Amino acid sequence: MAKLIGYARVSTKAQETDRQEIDLLAAGVRRDDLYVDHGVSGAKASRAELDKAMAALHDGDTLVVTTLDRLGRSTVNMLKLAEEIKDRGAGLRVLNLGGSEMDTSTPMGAMIFTVMAALGQMELEIKRERINDSVSKRRAAGKDLGGRKEQFTDRQIKSAHRLIQSGEPAAQVARDLGMSRATLYRRMDALGLTDKASA
């Protein structure tokens, strides 16, 4: 008998999955078929509970998520996941995609998934570009960005923190800024931004 396999994820330990779980259960997912990753970046290709959810999928089953970004942030990873789901003879259902639902078992759903995965990746690249642009402007103004913490503004650190909360790996955000991950965490701690996302 075909089953609905639910998956929920949050990027930091401080965040809750309650809303996602309620929506997935309301969509028909049984509690026993619900897998949840806490404090795991969407940029990671492998996530423990997602791996279990994928292993639980059989022919005719459907993986259900609340929004597309719960699956991941990388276009390559998301398309690989979609292909793996398809290879298992299963489908993917996204409960909220621009205000409507998507199901990859339909041709339109498969096309929308491909487009939305690409847009999700583009959004991350734009955010990264903004931080890089800010760094470039400071460098052009004659300011050395060698990584000493006093050379980065609080605003840049807050922007970096927002990127990490959205699922970007902390190590990558730190590299983009030109500082070590440890330095970035020290600066975030100093600003009271203490929820360290997974790198």
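Hi everyone, this is a short talk about the largest pocket in this structure and one of the helices beside it. Please keep in mind that we are looking at a predicted model.

Let's start with the pocket. The largest one has a volume of about 360 Å³. Its lining is made up of 14 residues, and those nearest the centre are Arg130, Ile131, Arg155, Ser159 and Arg162.

Which helices supply at least two residues each to the lining? They are H4, spanning 107-140, and H5, spanning 154-165. The most comes from H4, which gives seven residues.

Now let me turn to H5. This helix has 12 residues, and from its first C-alpha to its last it reaches 16 Å, close to the 16 Å expected at 1.5 Å a residue. Which of its residues are buried? Those are Gln156, Ile157, Ala160, His161, Leu163 and Ile164. They sit on the same side of H5, because they cover an arc of only 160° around the axis. As a reminder, an α-helix has 3.6 residues a turn, so residues three or four places apart point the same way.

And the other face? Turned away from the buried side of H5 are Arg155 and Arg162, both exposed.

Key. Residues are numbered from 1 along each chain as its sequence is written. This is a predicted model: local features need pLDDT of at least 70, side-chain atom pairs count only at pLDDT 80 or more; totals for chains, interfaces and linings use all residues. Side-chain values use heavy atoms; hydrogens and water are left out. On a 1 Å grid over the protein atoms alone, a cavity is a set of points where a 1.4 Å probe fits but cannot get out, and a pocket is an open set with protein on both sides within 12 Å along at least five of seven lines; lining residues have an atom within 4 Å of a point. Grid points are joined across faces, edges and corners, and a volume is the space filled by probe spheres set on the points. Helices (H or I, at least four residues) and strands (E, at least two) are DSSP runs, numbered from the N terminus. The expected span of a helix is 1.5 Å times one less than its number of residues. Buried means under 20% relative accessible area, exposed over 50%, partly exposed in between (1.4 Å probe, protein chains only). The arc is that of the directions from the helix axis to the C-beta atoms.
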